[in-house]
Amino acid sequence: MAVNRVPVLKRCRSLGLEPAYLGYDKKSNRTNARAGKKMSEYGLQLREKQKAKFIYGVLEKPFRNYYEKADRMKGMTGENLMVLLERRLDSVVFRMGFARTRREARQIVGHKHVLVNGKRIQIPSYLIKAGDVIEIREKSRSLQRYKDILEVTAGRLTPEWMDVDIENLKGTIKALPTREQIDVPVNEMLIVELYSK
């Protein structure tokens, strides 16, 4: 499996992104060397796509598949794309506060710690639906890891489209998110422009 080994802060700096969107509370003191240079239209579009891919931890081929699926759905393609990415199981686990970072959320799902509607799911790209119940399995709840995670994520705001019971490490999806409820700094219209060339 392909793994991106570029340091997170370095990648955030090059994309002009706050590390907080990935769950990191670190700050980079360095400035981007290319910060003042003017970017072409294509460069801006490409950067928005790379931002979305980096935030959600999706590689090029699956990202393209999400775009094609969003294009076939009713409504605005860009908004559909963002909603699809937000519906990924690893993203939902991160949003619920069961993981400190998006990468950790992906690992938690991959290590079979997550149940969806009582079934163990280990696929980070699994798309959740409205009404789904997501929980950390009982065996894993007592692990020290989750006590540490809850200490770190205690102050994090949970989106209004989900209902979370932190003590029992359980959450319910009340409704699918809308673009307004997704606080990711990506201009999805530029991604649509890039792919529709």
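The structure is a predicted model, and the mean pLDDT of its chain is 88, with 94% of the residues reaching 70 or more.

**Confidence**

- Within the chain, confidence is highest in helix 3, which covers residues 60-72 and has a mean of 95, and lowest in helix 1, which covers residues 8-15 and has a mean of 82.
- Where pLDDT is low, predicted coordinates should not be read in detail.

**The largest pocket**

- At least two residues of the lining come from each of helix 1, helix 2 (41-56), helix 3 and helix 6 (102-110), and helix 2 supplies the largest share, with 5 residues.

- The lining of the second largest pocket is made up of 8 nonpolar, 7 charged and 4 polar residues.

**Phe 63 in helix 3**

- Phe 63 lies in helix 3, and because its relative accessibility is 0%, Phe 63 counts as buried.
- When neighbours within four places in sequence are left aside, Phe 63 is in contact with Lys 49, Ala 52, Lys 53, Val 58, Leu 81, Leu 85, Ile 191 and Tyr 195.
- Phe 63 and Val 186 are 123 residues apart along the chain, and their C-alpha atoms are separated by 14 Å.

**Glu 135 in strand 3**

- Glu 135 is placed in strand 3, which spans residues 133-136, and because its relative accessible area is 12%, under the 20% cut-off, Glu 135 is buried.
- The side chain of Glu 135 is joined to the side chain of Arg 141 by a polar contact of 2.7 Å.
- Apart from neighbours within four places in sequence, the residues in contact with Glu 135 are His 113, Val 114, Leu 115, Gly 118, Arg 141, Leu 169 and Lys 170.

**Two residues with positive phi**

- Most residues other than glycine have a negative phi.
- Asn 117 has a positive phi, near 55 degrees, and is found in the loop between strand 1 (114-116) and strand 2 (119-120).
- Because its relative accessibility of 46% falls between the cut-offs of 20% and 50%, Asn 117 counts as partly exposed.
- Leu 169 also has a positive phi, near 50 degrees, and its place is in the loop between strand 4 (162-165) and strand 5 (170-173).
- Leu 169 has a relative accessible area of 3% and is therefore buried, and Leu 169 is one of the residues in contact with Glu 135.

Definitions and conventions: Residues are numbered from 1 along each chain as its sequence is written. This is a predicted model: local features need pLDDT of at least 70, side-chain atom pairs count only at pLDDT 80 or more; totals for chains, interfaces and linings use all residues. Side-chain values use heavy atoms; hydrogens and water are left out. pLDDT is the predictor's confidence in each residue, from 0 to 100. Helices (H or I, at least four residues) and strands (E, at least two) are DSSP runs, numbered from the N terminus. Ala, Val, Leu, Ile, Met, Phe, Trp, Tyr, Cys and Pro count as nonpolar, Asp, Glu, Lys and Arg as charged, and the others, Gly among them, as polar. Buried means under 20% relative accessible area, exposed over 50%, partly exposed in between (1.4 Å probe, protein chains only). A polar contact is a pair of N or O atoms within 3.5 Å; within protein, one must be able to donate a hydrogen and the other to accept it, and residues adjacent in sequence count only if both atoms are side-chain atoms. Contact means heavy atoms within 4.5 Å.
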